[in-house]
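Student: I have a protein model to look at and I would like to learn how to read it. Could you show it to me and take my questions?

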Amino acid sequence: MNLKQFYKLLFFIALIPLLSSCFEVIEEISIKNDGTGDVVLTINLSQSKTKVASVMLLDSVQGYKVPSKQKIQQELNEAVAYLKKSEGIANVKSTSDFNNYIATVSFSFKDVSNINNITKNILARQKIKATNTSPYLYNKASKTFSRKYQAIGNAKTAFNKLKAKDKSVFNGATYTSIYRFESAVTSSSNPASNVSKSKKAVMLKSSITDLINGKVNVSNTIQLSK
């Protein structure tokens, strides 16, 4: 389980009946040389806003209860409240745009281990068993940032149990990770990743269905200039 999955636990479960195949989950992590940094998590349904707006007028879709705007806002508020109580986490904020259907949560951290602890605690609260929590690591001495990822088997099993109509929700859905640094990037181990022209950011975009089914691996080791 990683930040993408943590974010989905908070908001995506509530929104899933509303989604069409056009939505994206974006994870942005900015890391300073001293290991502190910021996170911005976004779920963007703007490409499907016309359909979402229509569905919001209904009570249920395909057997799923349609959450109200108030319920979605409540989920955001609960996420913010939880993060504010988390060790090493500060400057917690959230935004919700119900015209374009975009929601964000942002916060600062003292160390990347604080992010890993959030994920671990969320898993425990949701009673989800996972042998690998897809940790983030940053070594200040070697100036190396790494993200170790392993697909969770029960996620694929659960996905395969969905009806075809429910599976189609994920068609075309994407997950994008963007990592930003103070120092220039000298190498990025994942061949699917792209280093920005400034050499201070690395982006990796993938299909959510491929992530669920373990067809892609978003693990990466990024070396920064010393």
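Here is our conversation about this model.

Student: What kind of model is this, and how many helices and strands does the protein have?
Tutor: Good place to start! This is a predicted model. Its secondary structure comes to seven helices and 13 strands.

Student: Which strands form the open sheet with mixed pairing, and in what order?
Tutor: Strands of a sheet pair through backbone hydrogen bonds, either parallel or antiparallel. In the sheet with mixed pairing there are seven strands, and their order is β5-β6-β2-β1-β9-β12-β11.

Student: Which two strands of that sheet have one side left without a neighbour?
Tutor: Look for strands with a single partner strand. Each of the two strands at the edges has just one such partner, so one of its sides has no neighbour in the sheet. These are β5 (89-97) and β11 (194-195).

Student: Which helix packs on this sheet, touching β5 and β6?
Tutor: Find β5 and β6 (102-109), then look for the helix that touches them. The direction of this helix makes about 170° with that of β5. The helix is α3 (residues 69-84).

Student: How do β1 and β9 run, and what is the bridge partner of Glu 24 in β9?
Tutor: Strand β1 covers residues 24-31 and β9 covers residues 174-181. Eight bridges join the two, and they run parallel. In β9, Glu 24 has as its bridge partner Thr 174.

Student: In the sheet of four strands, what is the average angle between neighbouring strands?
Tutor: That open sheet has the order β7-β8-β13-β10, with antiparallel pairing. At its edges stand β7 (136-139) and β10 (185-188). Ignoring direction, neighbouring strands are turned against each other by an average of 15°.

Student: What is the bridge partner of Leu 137 in β8?
Tutor: Four bridges join β7 to β8 (residues 144-147), and these strands run antiparallel. Follow Leu 137 across to β8 and you reach Ser 146.

Student: Which residues form the aromatic cluster?
Tutor: A search of the whole structure finds four aromatic pairs. One aromatic cluster is formed by Tyr 136, Phe 145, Tyr 179 and Phe 181.

Student: Is Gln 47 buried or exposed?
Tutor: Gln 47 sits in the loop between β2 (37-44) and α2 (49-55). Its relative accessible area is 60%. A residue counts as exposed when that value is over 50%, so Gln 47 is exposed.

Student: How far apart in space are Gln 47 and Phe 23?
Tutor: In sequence, Gln 47 and Phe 23 are 24 residues apart. In space, C-alpha to C-alpha, the distance is 6.7 Å.

Note on methods:
Residues numbered from 1 in each chain as written. Predicted model: local features only at pLDDT ≥ 70, side-chain atom pairs only at ≥ 80, totals over all residues. Heavy atoms only, no water. Phe/Tyr/Trp six-rings, centres within 6.5 Å; stacked < 30°, edge-to-face > 60°. Pairing = 2+ DSSP bridges. Axes fitted to C-alpha atoms, helices over the stretch in contact; angles between N-to-C directions. Buried < 20%, exposed > 50% of the residue type's maximum accessible area, 1.4 Å probe, protein only. Contact = heavy atoms within 4.5 Å.
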